Amino acid sequence: MRKIIVGSRQSKLALTQTNWVIEQLKKLDLPYEYEVKKIVTKGDQILDVMLSKVGGKGLFVKEIQQAMLNKEIDVAVHSMKDVPSQLPEPFTLGAVPKRVDARDALITNGHVKLADLPKGAIVGTSSLRRSSQILAHRPDLSIQWIRGNIDTRLRKLEEESFDAIILAAAGLERMGWSKDVVTEYIDEEICLPAVGQGALGIECRADDEEVITLLRHLNDEATERAVAAERAFLHRIEGGCQIPIGAYATITASGDIELTALVGSPNGETILKEKLTGADPIELGVTIAEKLLDAGAEKILAEVKKGLDK
């Protein structure tokens, strides 16, 4: 009986997601054993610098991919929003399970809603995408940088000077904390989610056909197509944590993909947004990226990158 080693970051959320995937695989009643191997990533170690300053998304996957390459692990479960838009050649996404809530969640002291936060209220986020859109909607708020896992950020909300923090609804849902802590879910019209937010990406070696066959049992085709469109947009726009971009796709009743994508300036003064529908996820993602680049996104991206280089 083959033992499948599943690599995971050490945070409570990462382990919860990994254990959920293993439970789903066990339900298939196939002749495999499963074991979790905890891995510390660079992103988990660097907590005193904004992600946009130190390399963005790849920080949470590089060590895990190295372990996979070394055959120390066979599978890795990622939050899809942490996965770079292009995987290196030895790896593939074996499955994209059904997405949960893709929205951002606002958590405030005293459960004050976004519209009712007083002028100058301090909102904690480490995401340029969130800060750009929140400032576009409420330019009178003060955005302050916050890092750490879910538990750490919730503790900082209680103990430090924050009036509110913004987290991914999906992480709170998977931890079973949504009912206890969420003040409100932020409408996608106000804050478009990150590429892949709410979805998991289950990665494996591209040449491990046995594991790929196993993982396909967990794949949700609608989520896979929607996320593929978002990731094609991300890849074409050459974006990561360093740039305020968002994208969210859904599948229409006719089976087409409806994709909304956004590029914003960090201060929220410029927000470029497009919505397109199409059948081919890759073509759709590239087309919407090019429309935004033509509309002025290229200039925004150049300015943001120049600021990061300073």
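A residue is buried under 20% relative accessible area, exposed over 50%, and partly exposed in between, using a 1.4 Å probe and protein chains only. Trp 145 has 35% relative accessibility, so Trp 145 counts as partly exposed.

This is a predicted model, in which local features need pLDDT of at least 70, side-chain atom pairs count only at pLDDT 80 or more, and totals for chains, interfaces and linings use all residues. Residues are numbered from 1 along each chain as its sequence is written, and side-chain values use heavy atoms, without hydrogens and water.

Trp 145 sits in the loop between strand 7 (142-144) and helix 6 (150-159). Helices (H or I, at least four residues) and strands (E, at least two) are DSSP runs, numbered from the N terminus. Leu 128 is 17 residues from Trp 145 in sequence, and their C-alpha atoms are 9.5 Å apart.

The chain has three domains, tabled here. Their bounds come from an automatic or database domain assignment.

| Domain | Residues |
|---|---|
| Domain 1 | 2-96 + 199-219 |
| Domain 2 | 104-185 |
| Domain 3 | 234-309 |

The centres of domain 1 and domain 2, taken over C-alpha atoms, are 27 Å apart.

Now the second largest pocket. A pocket is an open set of points on a 1 Å grid over the protein atoms alone, where a 1.4 Å probe fits, with protein on both sides within 12 Å along at least five of seven lines; lining residues have an atom within 4 Å of a point. The second largest pocket has 15 lining residues, and Ser 85, Val 227, Ala 228, Arg 231 and Ile 282 lie nearest its centre. Helix 10 gives the most to this lining, with 6 residues.
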